Amino acid sequence: MRIFDPHIHMTSRTTDDYERMAAAGVRALVEPAFWLGQPRTNVGSFTDYFDSLVGWEPFRAGQFGIRHHATVALNPKEANDPRCRPVLDVLPRYLEKDGVVAVGEIGYDSMTPEEDAAFAAQLALAVAHDLPALVHTPHRDKVRGVERTLAVVAESGIDPGRVVVDHLNEVTVKQVRDTGCWLGFSIYPDTKMSPPRMVELLKAYGTERMLVNSAADWGRSDPLLTRATGDAMLAAGFTDDDVDRVLWRNPVEFYGQSGRLDLRDEDDAEQTFAGNSILRGGS
């Protein structure tokens, strides 16, 4: 089983996690910029963090044969802090970095006017830089948050096929399914989604445009829950091809739109190029 985790916060994890992930079949991942838990008070703390996402974390992942990519953004929670909003001015230089495959996480936390403005501005950056967008939906009042999210996406003019609306569940999946956006699901030990619940959604809605991630942030989480979801799919009667589509081919297709994915096997000289992407992965 080959796994591409399309949303995982490895800054919060140890090298032991990288080793366990590699043993479980994780060959590539995307790490979105997010709120670190402790409020940041100036733009410099963001630039140091972004530099780590495009420099240090790819090095750490590479030691275990995992291809690391990132998304960068001003996250929704900190969009409410006026000390952080100047981050929007420094994003364009990071959005040109080779390993940056989307703008994200953007979207809503508390659905404030400040979050509205940051969300719209960063969708415009995604269009300007020809990148996909990774959208965070709020943990509270999620149905209204998803409605508002989809309205802003529609107003922005971005191709919905270049947007993944993440942290969905049984209540919100129908809202997004017919919009053309991709659907993201975070699998957690206690909150959000579980492998059995995810399997039921895949049975009901199919595997098209479905992205399954572990998120694995600084709270209680598990970077191997992508693997657990694949195993649960097989136990429920899904085929190896179904699992490969959800856990590998779908994230490759979505983030491949950036033209920046690099999925070369380090010991494999064969390379298949799509735009500027190197999309070869093991079978």
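Asp244 sits in helix H10 of this predicted model. Asp244 is buried, because its relative accessible area of 14% falls under the 20% cut-off. The Asp244 side chain makes a polar contact with the side chain of Arg249, at 2.9 Å. Beyond its neighbours within four places in sequence, Asp244 is in contact with Arg2 and Arg249.

H10 also packs against another helix. Helix H9 covers residues 225–235 and helix H10 covers residues 240–256. Their axes lie 9 Å apart, at an angle of about 155 degrees. That angle is over 145 degrees, so H9 and H10 run roughly antiparallel to each other. Their crossing is right-handed.

From H9, the contact uses Thr226, Gly230, Met233 and Leu234. From H10, Asp240, Asp242, Val243, Val246 and Leu247 take part. By type, the residues of this H9 contact with H10 are five nonpolar, two polar and two charged.

Val152 belongs to helix H6, residues 142–156. Leaving out residues up to four places away in sequence, Val152 touches Tyr108, Phe119 and Leu123. Val152 and Arg260 are 108 residues apart along the chain, and their C-alpha atoms are separated by 26 Å.

| Residue | Helix | Relative accessible area |
|---|---|---|
| Asp244 | H10 | 14% |

Conventions. Residues numbered from 1 in each chain as written. Predicted model: local features only at pLDDT ≥ 70, side-chain atom pairs only at ≥ 80, totals over all residues. Heavy atoms only, no water. Axes fitted to C-alpha atoms, helices over the stretch in contact; angles between N-to-C directions. Helix = DSSP H or I, 4+ residues; strand = E, 2+ residues; numbered from the N terminus. Parallel < 35°, antiparallel > 145°, perpendicular 65-115°, else oblique. Left-handed = near helix turned anticlockwise from the far one by under 90°. Contact = heavy atoms within 4.5 Å. Nonpolar A, V, L, I, M, F, W, Y, C, P; charged D, E, K, R; others polar. Buried < 20%, exposed > 50% of the residue type's maximum accessible area, 1.4 Å probe, protein only. Polar contact = N/O pair within 3.5 Å; in protein donor to acceptor, adjacent residues only side chain to side chain.
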